[in-house]
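Let's walk through a structure together, starting from a pair of helices and ending among aromatic rings. Have your viewer ready.

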Amino acid sequence: IEKVLFNKDSLPLYQTSSGFQASIPMSVYFQYYTKGAKSNAKFIIEEPELNLFPTAQYELVKFFIERVNSSSSSIFITTHSPYVLTSCNNLLQAFTTGHKRSQASKVAQVIPKKFWLNPSDVSANLMMPGGNGVENIIDDSPWCISDSGVPQCDWPGNLWHFFAGTDCGGGTRNRIVMGFD
């Protein structure tokens, strides 16, 4: 990838932010291997949120989910980002609300169906500090990734507001391991 197109302007990739320099090649690779005969690929992506603003993290999560939903591929993500978790929760909630309450058209106006995340296709685990085990953090009551023990953040773009705290990075650096099939 030599150049990146921004609206009508283009920049050499090396002149873009480090977040773009990491996420654009990863996205191109991901898109290529989730199409056609290659659509049953398995991906492991470590901390895709690095150097990305929260809205860019949300767009990247939506991109991953859209590609996985339209293929037989699977993705395994590790993250420290409450924004990635909140993004997943929004997409889980869109699926649940759209299917369980016959609100598909209303929900699809906010979050298009191609981004909906089926709870039965998701696993999420919190790796405890010091290697003291793994905890399942899927809450099957509202079908969301629980914020128990997860660093929390306020984010106005969070439609269902799962993370209500304001501490964005303090405390221990637990790693969230998610899988989407």
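How are α1 and α2 oriented relative to each other: roughly parallel or roughly antiparallel? First, some ground rules: this is a predicted model, where local features need pLDDT of at least 70, side-chain atom pairs count only at pLDDT 80 or more, and totals for chains, interfaces and linings use all residues. Residues are numbered from 1 along each chain as its sequence is written, and side-chain values use heavy atoms, leaving out hydrogens and water.

Now to the helices. The axes of α1 and helix α2 (residues 54-69) lie 11 Å apart, at an angle of about 10 degrees. Angles under 35 degrees count as roughly parallel, and α1 and α2 are therefore roughly parallel to each other. In contact (heavy atoms within 4.5 Å), S23, M26, S27, F30 and Q31 of α1 meet L60, F63, F64, R67 and V68 of α2. By class, this contact has 6 nonpolar, 3 polar and 1 charged residues.

Take a look at S27, which sits in helix α1 (residues 18-32). With 17% relative accessibility, S27 counts as buried (under 20% relative accessible area, with a 1.4 Å probe and protein chains only). S27 touches L60 and F63, leaving aside residues up to four places away in sequence. A polar atom of its side chain also lies 2.7 Å from the backbone oxygen of S23.

Finally, the rings. F63 is buried at 16% relative accessible area, and F64 is buried at 1%. Y29, F30, Y32, Y33, F43, F63 and F64 form one aromatic cluster, its rings pairing if their centres lie within 6.5 Å.

Key
Helix = DSSP H or I, 4+ residues; strand = E, 2+ residues; numbered from the N terminus. Buried < 20%, exposed > 50% of the residue type's maximum accessible area, 1.4 Å probe, protein only. Polar contact = N/O pair within 3.5 Å; in protein donor to acceptor, adjacent residues only side chain to side chain. Axes fitted to C-alpha atoms, helices over the stretch in contact; angles between N-to-C directions. Parallel < 35°, antiparallel > 145°, perpendicular 65-115°, else oblique. Nonpolar A, V, L, I, M, F, W, Y, C, P; charged D, E, K, R; others polar. Phe/Tyr/Trp six-rings, centres within 6.5 Å; stacked < 30°, edge-to-face > 60°.
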